[in-house]
Amino acid sequence: MAQRPKAGLGGADAAALAQGVRDGDRRALARAITLIESTRADHRSAAAALIRSLLPANGRSLRIGITGVPGVGKSTLIEVLGLQAITKGHRVAVLAIDPTSPRTGGSILGDKTRMERLTRAPDAFIRPSPSGGALGGIARRTHESVAVAEAAGFDVILVETVGVGQSETAVARVVDMFILLLSPAGGDELQGIKRGIVEMADLILVNKADGALVDAAERTRKDYGNALHLLRPASAGWTPKVMTCSAREGTALADVWSEIEAFRAKLEASGELGTRRRSQALGSLWDQAREAMTAALRADPKARHVIERAEADVAAGKMAPADAALRILAAFKSTD
């Protein structure tokens with residue numbers, strides 16, 4: 001007798017799960033994201049049905065991505081911003097992308113333990129998710145997780161990246177506003193931050209502008225403000241600002257939120273918000289298409305033999321990776 005899938009993770013449960021999400025059931029939302037993140041073939045089919053049924057409820061939130069190196073204060077800032085948004089009548093969902101454990105595949109860190117006050121707020125939902133080895137600071141299904149959180153009635157979605165280097169730009173493809181968080185430092189830090197991530201930022205915040213670091217924070221703000229004049233902004237209708245703040249003390253966070261609201265108003269008025277949303281959807285399409293094609297290729301018996309042989313030849317130095325890729329592509333075409 002076939003074993004029935006777990007509740008919320010099988011195709012038969014997709015409709016009930018979608019209704020639970022629309023009703024704002026937190027447990028249903030958590031199970032829905034677990035379903036979306038699953039790599040099992042039957043779960044992928046159920047996840048597609050779930051997303052399809054939730055499409056009419058999408059697009060109603062402000063999606064904000066926040067990145068920065070470890071220790072810069074991302075979690076503290078997100079907690080304070082989230083609490084501030086709640087006081088203004090918003091419902092806040094935090095999707096925190098954590099590094100993946102090479103042993104268990106789960107999250108190494110736990111952002112819920114670093115956002116205790118926000119975790120207890122009735123109008124907040126926090127979901128740590130493992131990156132799963134995906135590059136760019138986000139997880140493979142972040143775009144879909146955002147959509148599900150929107151369908152559950154959360155109108156402010158904060159996406160916290162892994163924050164482990166200069167490749168944290170993929171988040172800009174799944175959010176409306178991209179915020180780069182910096183620590184107070186001298187000119188050396190300006191040299192260490194790559195141009196790409198600064199160019200993509202819609203707002204740059206120099207955090208920890210308190211105590212003995214106030215002057216250093218102001219110097220960093222001026223350095224980056226001068227650097228922005230040499231770069232093309234991510235949006236033709238928006239000029240990014242560099243601001244100082246202190247998430248720990250709550251300094252200037254009201255000004256930060258005002259800037260976020262001004263950004264959304266500007267993009268809505270110009271129509272660029274819709275353009276960014278369409279770009280996000282297309283980016284997700286091709287990310288998933290590549291993943292699906294790779295999975296189908298590896299699952300095909302004929303192609304699998306070619307892949308194994310190509311991998312062995314590349315590992316042994318007998319074949320260049322580019323030639324091996326062409327061989328695998330030929331095998332993929334021959335399976336049609």
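**Close-up views of a predicted model**

**View 1. Helices α12 and α13 are roughly antiparallel to each other (angle over 145 degrees).** The model is predicted: local features need pLDDT of at least 70 and side-chain atom pairs pLDDT 80 or more, whereas totals for chains, interfaces and linings use all residues. Residues are numbered from 1 along each chain as its sequence is written, and side-chain values use heavy atoms, without hydrogens and water. Helix α12 (residues 301–315) packs against helix α13 (residues 321–334) at about 175°, with the axes (lines fitted to C-alpha atoms over the stretch in contact, angles from 0 to 180 degrees between N-to-C directions) 9 Å apart. Helices (H or I, at least four residues) and strands (E, at least two) are DSSP runs numbered from the N terminus. Residues of α12 in contact (heavy atoms within 4.5 Å) with α13 include Val306, Ile307 and Ala310.

View 2. Strand β1 (residues 62–67) runs parallel to β4 and is joined to β4 by five bridges; strands pair if DSSP finds at least two bridges between them. Gly65 has Val159 as its bridge partner in β4.

**View 3. The structure holds two aromatic pairs (ring centres of Phe, Tyr or Trp, its six-membered ring, within 6.5 Å).** Trp238 and Phe263 form an edge-to-face pair (planes over 60 degrees apart), 5.2 Å centre to centre with 90° between the planes.

Terms used:
Parallel < 35°, antiparallel > 145°, perpendicular 65-115°, else oblique. Phe/Tyr/Trp six-rings, centres within 6.5 Å; stacked < 30°, edge-to-face > 60°.
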